[in-house]
Amino acid sequence: MMRRRRFFQGNWVTVLLLALQIAIFIAETAAGGSESTMVLYRFGAKINGSVQAGEWWRLFTPIFIHIGWMHLLVNSATLYYIGGSVEQMIGHWRFLVIYLLSGISGNLMSFAFGASNTISAGASTALFGLFGVYIALGVVFRDNAYLRETGRQFVVLAVFNFVFDLVAQGIDLWGHLGGLIGGFMLLLVFPLPGQRRRQGTIVQICAIIGYFVICAFLYRIGMVR
């Protein structure tokens, strides 16, 4: 009980994100079912044609929408375990910003290169951003044996997931890749607690410029293809 209480007190962003996506899933169910195309559309799932028509918010809202209870369960468990650890390491606000922006970059890559005739949603674009955070930590803190080894493990985990994405149906490979890249780059942008000069100012500037250039490029591709 004490450990659970400490988790909720020390990882309030993770708890808030979990509560939000569960609440939205309950609302989806009450509105007609989380697997209903009409319900998903009304709640803001990503549909490329709708984004091209000006509904740009569909690059953000899918982060909190899930299709079926198993989808919600897997993503919620991943957020609970990995999100809590990342939030402890990099701080609450850094975690929140990186999580949301990784989700957007993942949805942008899906918008640019994913199938045009599908509807997609889920927190996995943002969760892959957390994979990218761990990989970046292993690069930035390569003199730390634990972070270096953990970064390597997440490289293997990401590769395994991408291979699975290639053979499985209904998985947004492009969204996962975009989230991973976004999380990696954004970790380089934000100075960490007690390590404000670790990455170097030039690296931070290049990372933030690179992130927004890539996002703009992906948006442009999605709009004209």
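Here is a short walk through this structure, which is a predicted model.

Let's start with helix H9, which runs over residues 173-189. At 1.5 Å a residue, its 17 residues should span 24 Å, and the end C-alpha atoms sit 25 Å apart, which agrees. Of its 17 residues, 12 are buried, so the helix is largely enclosed by the rest of the structure. The buried ones include several glycines, namely Gly 175, Gly 178, Gly 179, Gly 182 and Gly 183. Leu 180, Leu 186, Leu 187 and Leu 188 are also among the buried residues of H9. What does the covering? Helices H5 (69-90), H6 (92-113), H7 (124-140), H8 (145-167) and H10 (201-224) are included in what lies over those buried residues.

Next comes the largest nonpolar core, which has 54 residues. Inside this core, the residues with the most contacts are Leu 17, Val 86, Phe 95, Tyr 99 and Leu 187. Helices H2 (12-31), H5, H6, H7, H8, H9 and H10 each put in at least two residues. H7 gives the largest share, with 11 residues.

If you skip its neighbours within four places in sequence, Phe 95 is in contact with Val 13, Thr 14, Leu 17, Leu 79, Gly 83, Val 86, Glu 87, Ile 90 and Leu 130.

What about charged pairs? A search of the whole structure turns up two salt bridges. One joins Arg 58 to Glu 55, with the closest N and O atoms 2.5 Å apart. Arg 58 is buried, with a relative accessible area of 4%, and Glu 55 counts as buried too, at 18% relative accessibility. The other salt bridge links Glu 149 with Arg 152, and here the closest N and O atoms are 3.9 Å apart. These two residues are three apart in helix H8, so about one helical turn separates them. Glu 149 counts as partly exposed, at 37% relative accessibility.

Trp 69, Met 70, Leu 73 and Val 74 make a nonpolar surface patch of about 430 Å². Met 70 is found in helix H5 and counts as partly exposed, with 44% relative accessibility.

Note on methods. Residues numbered from 1 in each chain as written. Predicted model: local features only at pLDDT ≥ 70, side-chain atom pairs only at ≥ 80, totals over all residues. Heavy atoms only, no water. Helix = DSSP H or I, 4+ residues; strand = E, 2+ residues; numbered from the N terminus. Expected span 1.5 Å × (residues − 1). Buried < 20%, exposed > 50% of the residue type's maximum accessible area, 1.4 Å probe, protein only. Contact = heavy atoms within 4.5 Å. Salt bridge = Lys/Arg side-chain N within 4 Å of Asp/Glu carboxyl O. Core = buried A, V, L, I, M, F, W, Y, C linked by side-chain atoms within 4.5 Å. Patch = residues over 30% accessible without salt bridge, like charges linked within 9 Å, V, L, I, M, F, W, Y side chains within 5 Å. Areas by Shrake-Rupley, 256 points an atom, 1.4 Å probe, with all protein chains shown as cover.
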